[in-house]
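Trainee: Could you take me through one part of this structure in close detail? I'd like to see how a single packing contact is put together, residue by residue.

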Amino acid sequence: MEYTAFINALLHYGSLLLTVMAALVFATTIIVEVVKNLFPRVPTNFVATGVAIVVTVLAAFILCGVMGIPILWYYIAGAVILGIFVAYAAMFGFDKFKAAWEKWKTAGK
């Protein structure tokens, strides 16, 4: 019985994490498109990484505030690490998806 509860919790929180990450990637992409024109000399990848980390840390603060959880240092460290993953997905995820889509479309012909 314990094993089933563990798997259910893992699936629930795993899907929740992926949904939140997708929302963070979307927000990062939109913000970077607006902000990159303000800093034209800074490479877009640096802007995306900074924006992703800031957005993810803010989301962690909001989550802790809403749920009444005290903010601990390792929550911030985890949010920064998650922000790096979000930045990677925002920078390279769409390009990889687009390339795979084009390859799949042309493979059928």
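Mentor: Happy to! Let's start from Thr56, which sits in helix α2. Keep in mind as we go that this is a predicted model. Thr56 has a relative accessibility of 3%, and since buried means under 20%, it counts as buried. What does its side chain do there? A polar atom of the Thr56 side chain lies 2.7 Å from the backbone oxygen of Ala52. Leaving aside residues up to four places away in sequence, Thr56 touches Leu24, Ala79, Leu82, Gly83 and Val86.

One of those partners, Leu24, brings us to the contact between α1 and α2. Helix α1 covers residues 2-35 and helix α2 covers residues 44-67. Two packed helices are described by the angle between their axes and the distance between the axes. Here the angle is about 130 degrees, and the axes are 9 Å apart. Angles over 145 degrees would count as roughly antiparallel and those from 65 to 115 as roughly perpendicular, so α1 and α2 are oblique to each other. Their crossing is right-handed.

Now for the residues that meet. From α1 come Leu24, Ala27, Thr28, Ile31, Val32 and Val35. On the α2 side they meet Thr44, Val47, Ala48, Val51, Ala52, Val55, Thr56 and Ala59.

Arg41 is in the loop between α1 and α2. Is Arg41 buried or exposed? With a relative accessible area of 81%, Arg41 is exposed. From C-alpha to C-alpha, Arg41 is 20 Å away from Val54 in space, and 13 residues separate the two in sequence.

Finally, a glance at helix α3, residues 73-107, where you will find Lys105. At 41% relative accessibility, Lys105 counts as partly exposed. Lys105 and Met21 are 84 residues apart in sequence, with 27 Å between their C-alpha atoms.

Methods
Residues numbered from 1 in each chain as written. Predicted model: local features only at pLDDT ≥ 70, side-chain atom pairs only at ≥ 80, totals over all residues. Heavy atoms only, no water. Axes fitted to C-alpha atoms, helices over the stretch in contact; angles between N-to-C directions. Helix = DSSP H or I, 4+ residues; strand = E, 2+ residues; numbered from the N terminus. Parallel < 35°, antiparallel > 145°, perpendicular 65-115°, else oblique. Left-handed = near helix turned anticlockwise from the far one by under 90°. Contact = heavy atoms within 4.5 Å. Buried < 20%, exposed > 50% of the residue type's maximum accessible area, 1.4 Å probe, protein only. Polar contact = N/O pair within 3.5 Å; in protein donor to acceptor, adjacent residues only side chain to side chain.
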